[in-house]
Amino acid sequence: MIRVLFNKKGGVGKSSLAVNLAAISASRGYRTLLIDLDTQCNSTAYLNVTDLPKDSSIVDLFEQTITFHLHRRPASDFCHPTQVTNLDIIAGSERLTELESELDSRHKIYKLREALDSLKSTYQHIFIDTAPALNFYSMSALIAAQRCLIPIDCDDFARQGLYSLQQKIAEIKEDHNENLEIEGIIANQYMTNANLPKQIVNELLAEGFPVLSEYIGQSVKMRESHQAKKPLILLAPKHKLTQSLIAIFELLDKNHTQS
C-alpha cells in the first residue's frame with residue numbers, strides 16, 4: 001500500500017506522522033519504505049539519516065530521468081536502511097527546488113509512480129512525506145499513491161482548506177490516478193478539554209469527511225522524539241502519544257486488510 005501524507009497547510013505534523021507511522025509499520029514486521037519529498041528534509045533528519053553514498057537521494061532518482069544514462073539505476077539503489085529494523089528511506093534533498101521547473105517542463109510527473117511500481121514487490125507499506133504546497137513533487141506523490149492521509153489542526157482555517165484539497169484530489173483521481181482515495185483525515189494536536197476541536201471534528205463528520213476515530217493529542221514527547229532523532233515507537237513505546245499513533249496505524253492496516 002502506498003500512502004501519501006499531504007496538506008497545503010504547514011505545521012500540521014506531516015513529517016512526524018509519516019516517520020512514526022512508517023516506524024510502527026516496520027515494528028510490526030512489514031517491509032516499509034519512507035520517501036522524503038519535502039525540501040526541508042525533516043523526515044530524513046528525524047531518522048538521523050546521514051553519510052549516505054553520493055548521488056543517492058530522491059533528487060538523484062528524479063535527476064536521472066532528465067539526463068542520459070546508458071544504464072539507469074533502479075529505484076532500489078536509492079533505498080537505504082535506517083535505525084529502525086525493516087524501515088528504509090529514500091532521503092530528501094534541498095536540491096529538489098533547483099530541479100523542479102525542469103522536471104515539470106519535461107513532463108516527468110509520472111516518474112515517481114514508475115519508480116514505486118518497481119518497488120511494490122519489495123515493500124509492503126510505502127509512506128510519502130510531502131511539502132506544504134501543491135507543487136510538482138506533491139502532485140507526483142498523489143499520482144503515485146493509492147491512499148491520501150490529511151493531517152489537520154482543528155481550527156476553522158483547516159476546515160476551509162479541506163474543501164479545496166478535496167476538490168483537487170478529486171481532479172487528480174479523475175485525470176491521473178483512478179486508484180487515489182482520501183483514506184482518512186487525522187486530527188492532530190487535538191485538545192480534549194477544548195470545545196473548538198470537538199466542534200470542528202463533529203462538523204467535518206457531519207459533512208461526510210472521513211475523519212479517523214483516533215485523535216492525536218498535544219504532547220511535548222513528540223518534540224523530545226524529534227530532538228532524540230528516534231521515532232516514538234523506539235523512544236517511548238508505552239507513552240500515550242505512541243499508543244494513539246499505534247491506534248491510527250491499526251485503523252489503516254484494518255482498512256487495507258478489508259479492502
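Student: Gln 189, buried or exposed, or in between?
Tutor: Gln 189 is partly exposed, because its relative accessible area is 37%. Bear in mind that this is a predicted model.

Student: Where is Gln 189 placed?
Tutor: Gln 189 sits in the loop between strand 7 and helix 8, the latter covering residues 195-206.

Student: What is the phi of Gln 189?
Tutor: Phi is near 50° there, which is a positive value in a residue other than glycine.

Student: Which value does Lys 229 have for phi?
Tutor: Lys 229 has a positive phi of about 55°, although Lys 229 is not a glycine. Lys 229 belongs to the loop between helix 9 (220-228) and helix 10.

Student: And how exposed is Lys 229?
Tutor: Lys 229 is partly exposed, since its relative accessible area is 32%.

Student: What about Lys 238, buried or exposed?
Tutor: Lys 238 counts as exposed, because its relative accessibility is 76% and the cut-off for exposed is over 50%. Lys 238 is in the loop between helix 10 (232-235) and helix 11 (240-258).

Student: How far is Lys 238 from Ala 194?
Tutor: Their C-alpha atoms are separated by 25 Å, and the two residues are 44 residues apart along the chain.

Student: Switching to the whole chain. How many helices and strands are there?
Tutor: The protein chain has 11 helices and seven strands. The radius of gyration is 18 Å, close to the 18 Å that the globule rule gives for 259 residues, so the chain is as compact as a globular protein of that length.

Student: What box do the C-alpha atoms fill?
Tutor: Roughly 60 × 40 × 35 Å, taken along the principal axes.

Student: How much of the chain is buried?
Tutor: Buried residues make up 51% of the 259 residues. The chain exposes about 12,000 Å², and carbon and sulfur atoms supply 47% of that area.

Student: What share of the contacts join residues at least 24 apart?
Tutor: Among contacts between residues at least 6 apart in sequence, 80% join residues at least 24 apart.

Student: How many positive and negative side chains?
Tutor: There are 27 positive and 31 negative side chains, and the centres of the two sets lie 4 Å apart.

Student: Which strands does strand 2 pair with?
Tutor: Strand 2 is joined to strand 4 (residues 87-90) by four bridges, and the two run parallel. Strand 2 also pairs with strand 5 (residues 125-129) in the parallel sense, over five bridges.

Student: What stands opposite Ile 35 in strand 4?
Tutor: Ile 90 stands opposite Ile 35 in strand 4. In strand 5, the bridge partner of Ile 35 is Ile 128. Leu 33 has Asp 88 as its bridge partner in strand 4.

Student: Is strand 2 mostly covered or open, and which way do its residues point?
Tutor: Strand 2 (residues 32-36) is mostly covered, with five of its five residues buried. Thr 32, Leu 34 and Asp 36 point one way, while Leu 33 and Ile 35 point the other way.

Student: Why the two directions?
Tutor: In a regular strand the side chains alternate between the two faces of the sheet.

Student: Which residues of strand 1 point which way?
Tutor: In strand 1 (residues 2-5), Ile 2 and Val 4 point one way and Arg 3 and Leu 5 the other way, and all are buried.

Student: What does strand 1 run parallel to?
Tutor: Four bridges join strand 1 to strand 5 in parallel, and three join strand 1 to strand 6 (residues 147-153), also in parallel. Leu 5 stands opposite Asp 129 in strand 5, and Arg 3 stands opposite Arg 147 in strand 6.

Student: Last one, Glu 63. Where does Glu 63 lie?
Tutor: Glu 63 lies in helix 3 (residues 58-63). Glu 63 is partly exposed, with a relative accessible area of 26%.

Student: What does Glu 63 touch?
Tutor: Glu 63 touches Arg 95 and Leu 99, not counting residues up to four places away in sequence.

Key: Residues numbered from 1 in each chain as written. Predicted model: local features only at pLDDT ≥ 70, side-chain atom pairs only at ≥ 80, totals over all residues. Heavy atoms only, no water. Rg over C-alpha atoms; globule rule 2.2 N^0.38 Å. Buried < 20%, exposed > 50% of the residue type's maximum accessible area, 1.4 Å probe, protein only. Contact = heavy atoms within 4.5 Å. Areas by Shrake-Rupley, 256 points an atom, 1.4 Å probe, with all protein chains shown as cover. Lys, Arg positive; Asp, Glu negative; His and termini not counted. Charge placed at Lys NZ, Arg CZ, Asp CG, Glu CD. Pairing = 2+ DSSP bridges.
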